[in-house]
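The exercises below are to be worked with the sequence and the coordinates at hand. Each task is followed by a solution in steps.

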Amino acid sequence: MLGKLLKHDFKALFKYWWIAAIISLGLGVAAGFSIPIAISDNNIPPILRASTIIAIFVAIMGIGVFSAFSVVMIFIRFYKNLFTDEGYLTFTLPVKRASILNSKLISAVLFTIATTFIIFAAILTALLIGFSKDIFTVRFLNEIHDSVLEIYSHTGAYIYIYIIAAVLLYISITTISTLFLFNCITFASTITKKARVITAIAIYYVANSVFTSIFQILFVFSGSYISDKMDTLSENMYNPITSLILLCVFVFTVFIIGILYTIEYYMLDRKLNLL
Amino acid sequence: MKKILSIISSVLIALTIFAVPSFAKTNDTVAFSDDFSYVYYNGTRYIATDSRYFYINDYAEPIEVTLTKEQKQKIKAMSITPYDSEFYLEANYLLNNNTSVYCTYINEYYYKHYQNAIEGKVTTVYLYDEDLTFNLQNLLQNKTSILVSEDSEYDCYNIMYQFFDGDVEVDLGVVFKQDDKYYYLDYATAGIEFIHGFDFSMIAEKNVTVYEITDEESLSTLDLALGNSPETRPLFDDNTTMLISGFLLIFIFGIIPLGLLILFLILALRSKTKYRKIFLTLSLICILQIAVFSVLFFMIM
């Protein structure tokens, strides 16, 4: 049943997202062709130079709007599907509530990741086209090659662990932020019937500020503590300990996901308050 | 008419005479002295100097120089790197015996300023921040000698002088703290080589000649820099910071998961519905979290 739910969620989210994604990539290409003119030392007519600078600015803004559009689209679908009139239909479907939540969560996380990839691809396209003269040179490619080799000489095979850890952490942190927003929307819907969206935004803003501050303080303190301790370690222990720290952080993010998921599931299961 | 023509032609001849050498000057021919102590480049004289005392954040490509017949008798090839040709350039000579000579040169116009700076004949010098200035003479008062060892840890601050509109920084010495006293190590007096990005541990166990700083004004500037003044003293010292961070780490990654583990286990035992599965899963994640953190904690400690 989860498969069917996912299919519908994907279809609904993909409906407009692909258009925005293609526009973003197009803006990346346009910015790429504008960069050489904007930064050229040659005697270029001021109007042409100004238009290319505006084009780059519009492209950057457009890519930013695409990012915001994706996030808003995901959460509007979550809200409309579960807490407005549509909610009566959704919750009468012959599926477990966990499946509904899983479907929303998986589709939201995958679309957020896809959005990040599109933004990354758009920026990379702009840079590759814009600075092609400097990038596609033997010297630059050799420098990249040397940098990779230098990193490898420090990390050895641990580089693969770091790459896997980075991917896993990215997915887990995306899941946390998605679940956190789901929590805020659901909590706002359980406590009020009016102005739910504004209440959800307010709750998100306050809760996010509190948690961000706590984690920043933790990061500053623990960062200095860990770096001091790492200095006292022998060099051959550096990579195993770093891997273990990454594992510890990953398990911690899974732990937070577990707690946020349970809270979300509990609210949908026991505290549902439809309009 | 004849008179006018003769004036015009004499002017033209005069221009040609002066123009030829000036055109010749614009090519990349460079003159240099036999002992390489100076070079002429673009009509300006540059004097050889020791570039260890200053740093220019600039990049320039070397320029191959066309040698004259006389010069070719002395050297095989030469290149000039005009980093900031208004102030400084580097020259590489390839001698006929295939040895190369590397020299750095300062524009003669600035050479005197530079010499004055490294000889300490300047008044106002500054610490890493231009607002923290000293009167150099106040730092050069009480000469003494102290033992510097590799194990000692110092807070070191370069003392610098700026000129060439602030584009060139000349390092003159370093201020550091030992046994609650501040000392100024003047490179010229101590006779030690300048080390850029100064690191005392590079001077292995040796007696160095320094100046103990007793001047009130200089001491208050140093207190500001080192965070010893009431306004800049940090809220927590290093040990307290370490203690707080250690406690926070153990609390968040160890104690909270342990407390939640107990809570989830109790909830799992009490619930008989689908929530039992959820609480058991959460308990397992808590156990995993505690296990990984414990291994890490014991490995680091």
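**Exercise 1. Describe how helix H1 and helix H4 of chain A pack.**

Step 1. Helix H1 (residues 2-39) and helix H4 (residues 97-130) of chain A have axes 9 Å apart, at an angle of about 15 degrees. Axes are lines fitted to C-alpha atoms, for helices over the stretch in contact, and angles run from 0 to 180 degrees between N-to-C directions. Helices (H or I, at least four residues) and strands (E, at least two) are DSSP runs, numbered from the N terminus.

Step 2. The angle makes H1(A) roughly parallel to H4(A); angles under 35 degrees count as roughly parallel, over 145 as roughly antiparallel, 65 to 115 as roughly perpendicular and the rest as oblique.

Step 3. H1(A) and H4(A) cross in the right-handed sense: a crossing is left-handed if the near helix is turned anticlockwise from the far one by less than a right angle, and right-handed if clockwise.

Step 4. The contact of H1(A) with H4(A) holds 25 nonpolar, nine polar and two charged residues. Ala, Val, Leu, Ile, Met, Phe, Trp, Tyr, Cys and Pro count as nonpolar, Asp, Glu, Lys and Arg as charged, and the others, Gly among them, as polar.

The model is predicted: local features need pLDDT of at least 70, side-chain atom pairs count only at pLDDT 80 or more, and totals for chains, interfaces and linings use all residues. Residues are numbered from 1 along each chain as its sequence is written, while chains are lettered from A and ligands numbered from 1 in the order in which they are written.

**Exercise 2. Decide whether B:Asn97 and B:Leu249 are buried or exposed.**

Step 1. A residue is buried if 20 or more other C-beta atoms lie within 10 Å of its own, exposed if 12 or fewer, and partly exposed in between; C-beta atoms are placed from the backbone.

Step 2. B:Asn97, in the loop between strand S7 (88-95) and strand S8 (100-107), is exposed because it has 7 such neighbours.

Step 3. B:Leu249, in helix H7 (residues 238-270), is buried because it has 20.

Step 4. Beyond its neighbours within four places in sequence, B:Leu249 is in contact with A:Ser222 and A:Tyr225, contact meaning C-beta atoms, placed from the backbone, within 7 Å.

**Exercise 3. Characterise the side of chain A that touches chain B.**

Step 1. The contact takes 20 residues from chain A and 23 residues from chain B.

Step 2. Helix H8 (196-231) and helix H9 (235-270) of chain A each supply at least two residues of the chain A side, with the largest share, 13 residues, coming from H9(A).

Step 3. By class, the chain A side has 14 nonpolar, four polar and two charged residues.

Terms used:
Contact = placed C-beta atoms within 7 Å.
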